[in-house]
Amino acid sequence: MDTSVKAYQIREIYDGQEKQATARLVLEALPAWFGNPEPREDYIRSSAVQPFFAAFDGEKPVGFLCLKETGRATVELCVMGVLQDWHRRGLGTRLFAAAKARAVEQGYAFMQVKTVQMGRYKEYDDTNRFYLSLGFQEFEVFPTLWDEWNPCQIYVMALRH
């Protein structure tokens with residue numbers, strides 16, 4: 001399917017059930033990143049009460065991004081997923097732009113994101129490169145925050161200059 005010419009739209013979602021259904025649809029379709037059921041279900045559950053942005057092809061959700069406040073001045077891009085047929089088409093960048101605009105509007109000074117450290121798995125290396133392309137900077141690695149096979153890389157971004 002050639003989706004390169006298809007239009008999509010980004011919308012903020014407010015209904016908790018719609019957020020969870022969208023998160024489930026996307027995350028379950030991405031087993032290379034979200035194959036572990038326990039954290040995947042945590043992301044789905046918590047998405048109901050967090051700022052949530054979704055990308056749609058017509059009425060079909062094809063990606064989403066969820067934010068979570070982690071401190072008075074900091075918001076975390078806590079989970080993001082884009083269906084594989086839609087990778088590398090600018091959708092993730094547009095989802096991030098909508099979420100970043102909301103974070104700035106709400107007065108946050110910083111945004112952070114956690115992922116598996118570069119050099120461990122190809123899929124996560126692609127994820128790391130994506131976050132770096134958005135302007136995130138390496139902050140710190142926690143070697144055993146998740147487990148010894150998945151060192152947690154934290155990236156940060158200043159939202160105010």
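Residues are numbered from 1 along each chain as its sequence is written, and side-chain values use heavy atoms, with hydrogens and water left out. Because the model is predicted, local features need pLDDT of at least 70 and side-chain atom pairs count only at pLDDT 80 or more, while totals for chains, interfaces and linings use all residues.

Reader: What is the mean pLDDT of the protein chain, and over which residues is the pLDDT below 50?

Author: pLDDT is the predictor's confidence in each residue, from 0 to 100. The chain has a mean of 91, and 96% of its residues reach 70 or more. Where pLDDT is low, the predicted coordinates should not be read in detail.

Reader: Which element gives the most to the lining of the largest pocket?

Author: A pocket is defined on a 1 Å grid over the protein atoms alone, as an open set of points where a 1.4 Å probe fits, with protein on both sides within 12 Å along at least five of seven lines; lining residues have an atom within 4 Å of a point. About 1,300 Å³ of space lies in the largest pocket, and the closest to its centre among the 44 lining residues are Trp 33, Phe 34, Thr 115, Tyr 124 and Thr 127. Elements that give two or more residues include α2 (31-34), β4 (74-82), α4 (91-105), β5 (110-116) and α5 (122-134), where helices (H or I, at least four residues) and strands (E, at least two) are DSSP runs numbered from the N terminus. With 8 residues, the greatest contributor is α5.

Reader: Which residues of α5 are buried?

Author: Helix α5 has 13 residues and reaches 19 Å from its first C-alpha to its last, close to the 18 Å expected at 1.5 Å a residue (the expected span is 1.5 Å times one less than the number of residues). Buried means under 20% relative accessible area, exposed over 50%, and partly exposed in between, with a 1.4 Å probe and protein chains only. The cover over the buried residues of α5 includes α2, β4, α4, β5 and β7 (150-158). These buried residues are Tyr 124, Asp 125, Thr 127, Asn 128, Tyr 131 and Leu 134.

Reader: Is Arg 88 buried or exposed?

Author: Arg 88 is found in the loop between β4 and α4, and its phi is near 65°, a positive value in a residue other than glycine. Most residues other than glycine have a negative phi. Because its relative accessible area is 82%, Arg 88 is exposed.

Reader: Why does Asp 85 count as partly exposed?

Author: Asp 85 lies in the loop between β4 and α4. In space, 27 Å separates Asp 85 from Ile 154, C-alpha to C-alpha. Asp 85 counts as partly exposed because its relative accessibility is 47%.

Reader: Is Ala 54 buried or exposed?

Author: Ala 54 is found in strand β2 (residues 52-57). Leaving aside neighbours within four places in sequence, Ala 54 is in contact with Gln 9, Ile 10, Arg 11, Ile 13, Thr 22, Gly 63, Phe 64 and Leu 95. Its relative accessibility is 0%, and therefore Ala 54 counts as buried.

Reader: Which residues are in contact with Glu 69, leaving aside its neighbours within four places in sequence?

Author: Glu 69 is placed in strand β3 (residues 60-71). Although 12 residues apart in sequence, Glu 69 and Asp 57 are 29 Å apart in space, C-alpha to C-alpha. The contacts of Glu 69 beyond those neighbours are Thr 74, Val 75 and Tyr 108.

Notes:
Grid points are joined across faces, edges and corners, and a volume is the space filled by probe spheres set on the points. Contact means heavy atoms within 4.5 Å.
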